[in-house]
Amino acid sequence: MDHINISAIPKPVLSVLGVLKNAGHQGHIVGGCVRDLLLGREPKDWDITTDARPETVLSLFPDSFYENDFGTVGVKVDPFHTFGDPDRRHDVIEVTTYRTESSYSDRRRPDKVAFVTSLPEDLSRRDFTMNAIALEIIGSDTSVDIVDPFHGRVDIANKLIRTVGNPEQRFGEDALRMMRAVRLYAELRHPNISGGWSIDMAALSAIRKHAALLSHVSRERVRDEFSRIILSGSPADGVELLRTAGLLHDIVPELEEGIGVGQNLHHTLEVYEHNLRSLRHCPSRKLEVRLAALLHDIGKPKTKRGDGYRSTFYNHDHVGARMTRAILGRLRYPAAVIDSVTMLVDNHLFYYNVGEVTEASVRRLIRRVGLENMKDLMDVRIADRLGSNVPKAKPYKLRHLEYMIEKVSKDPVSVKMLAINGSDLMNDLGLDPGPKLGAILDVLLSEVIEDPSRNERETLLSRAESLSKDGLETLRDKAKEVIDEKREKDDRNIKNRHKVT
């Protein structure tokens with residue numbers, strides 16, 4: 001647990017530390033990146049703390065910027081992260097002067113910061129013990145010294161999320177830290193990382209006591225933490241902890257309306273538990289799809305009529321879509337995210353039974369939803385099924401729908417692939433508009449299918465002039481055999497891919 005692999009620290013980070021050290025200043029890697037190194041995870045951000053004042057850091061790193069009042073200088077370095085836009089011009093390492101913080105009258109940010117020269121003082125202002133660990137590179141980049149005054153390594157070993165000092169004070173300073181505790185819980189519970197994580201009982205008690213303070217935090221900050229919970233390895237556990245800790249009521253109180261609301265027919269779970277399980281089993285890693293899985297039945301409590309086996313929830317999809325738009329708007333999500341999630345909730349009840357639904361109805365569904373969104377909609381349906389304790393995620397009829405979608409969305413033999421069109425035949429050859437024009441194009445298509453090298457403008461025009469001497473029925477017969485054979489072959493291939501008959 002205490003072993004730090006020096007090779008896991010990027011060279012640009014080591015270089016920044018080296019510049020500080022050569023200038024006679026202290027420099028430590030600090031915060032979440034140290035926590036991630038101890039957990040064997042790849043850090044997404046790299047932070048350095050130093051005794052150098054911001055103006056000194058700016059002078060040491062010409063390609064840097066200082067745009068805040070908290071002592072944090074952004075140092076631009078060559079791209080080194082394994083994620084992000086591959087065409088980006090630089091990455092940023094944040095270098096922050098040791099500081100202490102005064103009271104937080106707005107429950108969000110310190111009223112005043114004071115620069116200090118002591119690393120332990122700086123670490124004492126941080127949120128959780130696992131984030132209050134610092135690393136100093138010793139010698140020629142061969143070993144590290146770990147500074148851990150609040151026993152964060154012990155808490156990591158015990159899989160415990162604990163605040164630095166008094167939890168009521170920490171959460172009173174910045175109420176968003178309460179959500180951050182839940183987010184760490186949801187992220188760290190991922191089975192591929194480690195399990196059994198918990199929040200310290202004193203911290204959890206303080207969250208429940210001060211949950212109402214979350215209303216003082218900007219919706220944008222709440223949204224960002226909520227999104228990270230939804231995208232974590234254990235999103236359903238995170239949402240449930242938000243509820244039991246008293247935080248969900250400030251974020252999405254509409255979800256709590258589903259508690260105790262029974263369903264009908266094959267649904268054995270209450271609405272809230274079903275929504276939670278749908279999120280847990282959502283096969284997609286996209287934010288929009290996971291949000292839709294969580295909110296797809298948000299309209300059921302408002303639309304329920306009757307009780308027991310015969311209760312109904314007519315139009316809960318459309319009511320839920322309107323509620324979803326309001327919820328995500330309240331949380332300041334971008335318009336594109338709101339539109340996408342709302343569309344998925346509004347259409348999650350799409351009807352499809354093999355033998356009953358025609359190609360035309362599938363085309364209408366595609367037009368309504370958008371071909372690019374069909375996979376997301378299928379993933380919401382799969383989450384809905386698995387959230388209902390249905391054993392099969394994708395039954396035969398959903399596989400058949402996938403086959404139909406591919407079939408109707410891809411015309412396997414289309415005159416659009418030709419290097420000429422009907423206008424060319426009329427303008428260049430003087431042919432009259434009418435069914436014979438389409439028949440000539442069909443013959444040209446059948447010949448190009450057999451020999452793609454013929455798909456050149458002059459070759460096709462020459463061949464079309466020759467074909468124009470044939471009658472309409474002759475032309476149709478020439479094209480039909482090849483085109484029908486091609487359609488049948490492509491249809492077989494699509495069916496095989498989707499394992500349908």
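Helix 14 and helix 17 lie oblique to each other. Angles under 35 degrees count as roughly parallel, over 145 as roughly antiparallel, 65 to 115 as roughly perpendicular, and the rest as oblique. This is a predicted model, in which local features need pLDDT of at least 70 and side-chain atom pairs count only at pLDDT 80 or more, while totals for chains, interfaces and linings use all residues. Residues are numbered from 1 along each chain as its sequence is written, and side-chain values use heavy atoms, with hydrogens and water left out.

Stay with that first pair. Helix 14 covers residues 287–295 and helix 17 covers residues 335–346. Their axes come within 9 Å and cross at roughly 45 degrees. Axes here are lines fitted to C-alpha atoms, for helices over the stretch in contact, with angles from 0 to 180 degrees between N-to-C directions. From helix 14, Glu288, Val289, Leu291, Ala292 and Leu295 meet Val337, Ser340, Val341, Leu344 and Val345 of helix 17. The residues of this contact divide into eight nonpolar, one polar and one charged. Nonpolar covers Ala, Val, Leu, Ile, Met, Phe, Trp, Tyr, Cys and Pro; charged covers Asp, Glu, Lys and Arg; the others, Gly among them, are polar. Contact means heavy atoms within 4.5 Å.

Now step back to the whole chain. It has 24 helices and 11 strands. Both are DSSP runs numbered from the N terminus: helices are H or I with at least four residues, strands are E with at least two. Of the 501 residues, 50% count as buried (under 20% relative accessible area; exposed is over 50%, partly exposed in between, with a 1.4 Å probe and protein chains only). Take the contacts between residues at least 6 apart in sequence: 66% of them join residues at least 24 apart.

The largest nonpolar core has 110 residues. Such a core is a set of buried Ala, Val, Leu, Ile, Met, Phe, Trp, Tyr and Cys residues joined through side-chain atoms within 4.5 Å. Ile9, Met179, Phe226 and Leu247 touch the most other members of the largest core. Helix 7 gives this core its largest share, nine residues. A second, separate core has 18 residues, including Leu444, Leu460, Ala464 and Leu467. Leu247 touches Met178, Met179, Val182, Ile207, Ala211, Leu214 and Leu242, leaving out residues up to four places away in sequence.

Leu176, Met179, Arg180, Val182, Arg183, Ala186 and Glu187 of helix 7 meet Arg221, Val222, Glu225, Phe226, Arg228 and Ile229 of helix 9. Here the residues divide into seven nonpolar, no polar and six charged.

Helix 2 spans residues 32–39, and seven of its eight residues are buried. They are Cys33, Val34, Arg35, Asp36, Leu37, Leu38 and Leu39. Their cover includes strand 1 (27–30), strand 2 (47–50), strand 8 (134–138), helix 5 (152–157) and helix 7. Just after helix 2, Gly40 takes a positive phi of about 80 degrees.

Helix 21 (residues 422–429) and helix 22 (residues 435–450) pack at about 110 degrees, with axes 10 Å apart. That makes helix 21 roughly perpendicular to helix 22. Gly422, Leu425 and Met426 of helix 21 meet Leu437, Ile440 and Leu441 of helix 22. This contact holds five nonpolar residues, one polar and no charged.

Asp379 sits in helix 19 (residues 374–386) and is buried at 7% relative accessibility. Beyond its neighbours within four places in sequence, Asp379 contacts Pro283, Ser284 and Val289. Asp91 lies in strand 5 (residues 91–97) and is buried, at 7%. Asp91 and Asp78 are 13 residues apart in sequence, and their C-alpha atoms are 6.0 Å apart. Gly306, in the loop between helix 15 (300–303) and helix 16 (316–330), is exposed at 60% relative accessible area.
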